[in-house]
Amino acid sequence: ETAHQLRWHFIGSTVNNGIETIASGPGPEFGYEYEANETYYHSYCLTKDSKYRFQLKNSAGGGLGSGKYSLSYGAVTIFDSDSSEDFEDVKNHRFQVLASG
């Protein structure tokens, strides 16, 4: 299978209702592609009572093909994609951290 040209952004809300990018995953503009049939993990510390957005982009369009991804906080799964889920080039997930973890 071919690699997907994915890039992700983890975005947090600031005190003044602005946004800031907390982390970004490498993308094709850096010569990096996520390989098919591989598992990747990224971990970040989050602040209690804060709002976040996870954004996944495929610069080539066509979503993930048969791929899937999940987003969790501690033992809580925030989102677990279905491999049949279709999105063209951008998928956003918004959530709020209510407890320390």
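Predicted model: local features only at pLDDT ≥ 70, side-chain atom pairs only at ≥ 80, totals over all residues.
**Exercise 1.** Find the order of the strands in the open sheet and name its edge strands.

Solution. Strands of a sheet pair through backbone hydrogen bonds, either parallel or antiparallel. Begin with E1, residues 6-13, which pairs with E2 in the antiparallel sense over five bridges. Next take E3, residues 50-58, which is joined to E6 by eight bridges, also antiparallel. The complete order of the four strands is E2-E1-E3-E6. The edge strands are E2 (19-24) and E6 (90-97), as each pairs on one side only. On average, neighbouring strands in this sheet are turned by 25° against each other, direction ignored.

**Exercise 2.** Identify the residue opposite serine 13 in E2 and the bridge partner of tyrosine 52 in E6.

Solution. In E2, isoleucine 19 stands opposite serine 13. The hairpin of E1 and E2 has five residues between the strands, and asparagine 17 takes a positive phi near 60° in this hairpin. For tyrosine 52, the partner in E6 is phenylalanine 95.

**Exercise 3.** Describe the burial, surface and contacts of the chain.

Solution. Buried means under 20% relative accessible area; 31% of the 101 residues count as buried. The chain exposes about 6,800 Å², with 46% supplied by carbon and sulfur atoms. Among contacts with a separation of 6 or more, 62% come from residues 24 or more positions apart.

Methods: Residues numbered from 1 in each chain as written. Heavy atoms only, no water. Pairing = 2+ DSSP bridges. Helix = DSSP H or I, 4+ residues; strand = E, 2+ residues; numbered from the N terminus. Axes fitted to C-alpha atoms, helices over the stretch in contact; angles between N-to-C directions. Buried < 20%, exposed > 50% of the residue type's maximum accessible area, 1.4 Å probe, protein only. Contact = heavy atoms within 4.5 Å. Areas by Shrake-Rupley, 256 points an atom, 1.4 Å probe, with all protein chains shown as cover.
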